[in-house]
Amino acid sequence: MYIQKISFENYRNLKNNLFIPSQGINVIYGDNAQGKTNLIEAIWLFTGGRSFRGARDQELVAFGKKYAKLTLKFYAGEREQSMELLIGGGKRSAVLNDVPKSALSQIIGSFCCVVFSPDHLTLVKNGPEERRSFIDAALCQIKPSYAHHLSRYKRILNERNALLKDIPRHRELEDMIDIWDERLSSVGAVVAMERYQYTNKLSELAHSFYDGISSGKEALALSYKTGCDCESMNYEEIREKLMTSLKKRQTDDIYCGYTTVGVHRDDLNIRINGKEARSFGSQGQQRSVVLSMKLAEAALLGTEKNEQPVILLDDVLSELDHSRQQYLLKKLSGMQVFITCCEKEIDAENKVRIQNGAISAMEE
């Protein structure tokens, strides 16, 4: 999978332009605040996901403009394809291969990327929500149907939480909790099983990558932390356990006004030599953990899709020493890679400069 060309119109500070990248390594360099990350972000949006920077859609439109338009020509699934994104009015719309899509979820899995930025250190540093989001985003690209299950789970969870808030004022509604418990546990069991199976595969690969980065001095292990034992249970058993947990917590949930148990509270355990990376890992170790996880994500995505994803590295290499830089670039050989940096010393098939949002011509 690779990008053939991408164009921008009214997108953040990027000047309206057409960018034709190399199929190999592309270095986008320039001073800070010139638009390098905006370019990487624009590419990522074609996965169907939200901005990896946490930006709202209205922030993606250039100041004083009503809309932003992005178009992409790419090769995937052994054929040339096209996609168009229109951002404006507080929403996004998409056209894939000249066919309008009624929801962004319908383009998920068509164009696949893995993005790595310094902000992703929060995967280790922050709470469970970011680690769940990491697993969910990766799974959505591999299995677009997972996005449907996840969206359904969140919708049911919101409905149950709304009911819990209403019950103290309307006790007659308490009988309805069992209906939502049944729905939440049924969809939750699917989400738990998918996350558990993905984490097992991810852990094996991430362990191997971390072993290479640390020269065999340390061992990385990932495990999915959930309220039910997915390893020894099938779907029905997981569903029943989730149902039991919800029933046991009904009184507490009514008191709190929200659902205190379920897969929305699960976590990804990250350990280096048996110790939690969040509490005991150094800055360098945590960076190597995230790098290993991202490499593993790319490898899994490539295997499942039977073609390599596009790799986006936003201001990452400057944070790595020379040996880790070389290790990373070696592992990404054969993929289309976009690297943003302030300097242009990195060897690459294509180097372009961004200044005040304008992309320069290719450099020889």
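A cavity is a set of points, on a 1 Å grid over the protein atoms alone, where a 1.4 Å probe fits but cannot get out; a pocket is an open set with protein on both sides within 12 Å along at least five of seven lines, and lining residues have an atom within 4 Å of a point. Grid points are joined across faces, edges and corners, and a volume is the space filled by probe spheres set on the points.

The model is predicted: local features need pLDDT of at least 70, side-chain atom pairs count only at pLDDT 80 or more, and totals for chains, interfaces and linings use all residues. Residues are numbered from 1 along each chain as its sequence is written, and side-chain values use heavy atoms, with hydrogens and water left out.

**Exercise 1.** Describe the second largest cavity.

*Solution.* Step 1: its volume is about 40 Å³. Step 2: its lining consists of F116, S117, P118, L121, R287, V316 and E319. Step 3: by class, this lining has 4 nonpolar, 1 polar and 2 charged residues. Here Ala, Val, Leu, Ile, Met, Phe, Trp, Tyr, Cys and Pro count as nonpolar, Asp, Glu, Lys and Arg as charged, and the others, Gly among them, as polar.

**Exercise 2.** Identify what surrounds the largest cavity.

*Solution.* Step 1: the space amounts to about 50 Å³. Step 2: the lining residues are V114, F116, K294, L295, A298, I311, L313 and L332. Step 3: β8, α9 and β12 (310-314) each give two or more residues to this lining, and α9 provides the largest share, 3 residues. Helices (H or I, at least four residues) and strands (E, at least two) are DSSP runs, numbered from the N terminus. Step 4: the classes are 7 nonpolar, no polar and 1 charged.

**Exercise 3.** Determine how α9 and α10 are arranged.

*Solution.* Step 1: α9 and helix α10 (residues 322-331) pack at about 10 degrees, their axes 11 Å apart. Axes are lines fitted to C-alpha atoms, for helices over the stretch in contact, and angles run from 0 to 180 degrees between N-to-C directions. Step 2: the two helices are therefore roughly parallel, a term for angles under 35 degrees. Step 3: S288, L291 and L295 of α9 meet R324, Y327, L328 and K331 of α10, contact meaning heavy atoms within 4.5 Å.

**Exercise 4.** Characterise the largest pocket.

*Solution.* Step 1: its volume is about 1,400 Å³. Step 2: 45 residues line this pocket, with S133, D136, A137, L150 and K154 nearest its centre. Step 3: the lining divides into 19 nonpolar, 15 polar and 11 charged residues.

Technical notes. Angles under 35 degrees count as roughly parallel, over 145 as roughly antiparallel, 65 to 115 as roughly perpendicular and the rest as oblique.
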